[in-house]
Amino acid sequence: MARINSQLAANMRQIFIWTLIMALLIILVIGFLMNKLVIRKLGEFLKVAPLIGNGQLDHPINVKGEDEIGRVAHCFNQMLEDLKHSLSIKEAAQQKEYLESIIESMDDSILVVDRDYRIVTANRAFLTKAGQGKEGIIGRLCHHLSRQSPICGNGMIEIEKVFQEGKLQKSIY
């Protein structure tokens with residue numbers, strides 16, 4: 001009986017050791033898979049996030065896959081594109097505001113028209129000469145101000161020349 005008990009104890013130790021080895025192997029495999037599937041992908045986020053935080057918006061996250069992390073990376077990249085678009089709109093608005101302040105500060109009469117001859121903006125000097133308020137002329141065709149206007153009446157040929165050649169030109173009337 002003692003022999004059977006010692007044999008049974010030896011077998012139990014052997015089973016325990018093999019179970020422990022199998023558990024360690026399973027833990028190693030799971031650790032390897034976690035590293036490959038999750039940790040490396042998250043590392044890509046950690047690598048790009050400080051760059052984006054510093055304003056370098058041209059660094060998308062290069063994570064492939066259809067799993068959750070891949071979808072998060074895709075959403076993150078889309079958000080990055082939306083942010084770039086948003087910032088470019090804001091920057092354009094700031095540039096427009098800056099140019100309008102320069103135009104407004106000039107003593108010469110300035111009227112800005114688009115390619116359809118619609119008035120985009122005019123400075124105070126022009127509005128005073130025209131006897132109009134800005135709200136009354138913005139968006140209107142410039143020749144509606146006055147067909148005798150040297151700018152939009154007789155000066156249409158010069159405006160067309162500017163649009164064709166792309167060179168700014170100053171006309172004095």
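What follows is a dialogue on how terms are applied to this predicted model.

Trainee: What makes up the protein chain, and in what order do the elements run?

Mentor: The chain has five helices and two strands. From the N terminus on, they run α-α-β-β-α-α-α.

Trainee: How do you know that the span of helix H2 agrees with its number of residues?

Mentor: Helix H2 covers residues 68–105, 38 residues, and at 1.5 Å a residue it should span 56 Å. The C-alpha atoms at its ends are 55 Å apart, so the two values agree.

Trainee: Which residues of H2 are buried, and what covers them?

Mentor: The buried residues are Ile69, Gly70, Ala73, Asn77, Leu80 and Ile103. Their cover includes helix H1 (2–53) and strand S1.

Trainee: Why is Phe45 called buried?

Mentor: Buried means under 20% relative accessible area. Phe45 has 15%, so Phe45 counts as buried.

Trainee: What makes a set of residues a nonpolar core, and which residues form the largest one?

Mentor: The members must be buried, of nonpolar types such as Leu, Ile or Phe, and joined through side-chain atoms within 4.5 Å. The largest such set has 11 residues: Leu111, Val113, Tyr117, Ile119, Ala122, Phe126, Leu127, Ile137, Cys142, Ile159 and Phe163. Two or more residues come from each of strand S1 (111–113), strand S2 (119–122), helix H3 (124–130) and helix H5 (156–165). A second, separate core has nine residues, including Phe45, Val48, Leu57 and Ile69.

Trainee: How many residues does the protein chain have, and what share is buried?

Mentor: The chain has 173 residues, of which 20% are buried. The chain exposes about 13400 Å², with carbon and sulfur atoms supplying 62% of that area.

Technical notes
Residues are numbered from 1 along each chain as its sequence is written. This is a predicted model: local features need pLDDT of at least 70, side-chain atom pairs count only at pLDDT 80 or more; totals for chains, interfaces and linings use all residues. Side-chain values use heavy atoms; hydrogens and water are left out. Buried means under 20% relative accessible area, exposed over 50%, partly exposed in between (1.4 Å probe, protein chains only). Helices (H or I, at least four residues) and strands (E, at least two) are DSSP runs, numbered from the N terminus. The expected span of a helix is 1.5 Å times one less than its number of residues. Contact means heavy atoms within 4.5 Å. Accessible areas come from the Shrake-Rupley method with a 1.4 Å probe; for residues, only the protein chains shown count as cover.
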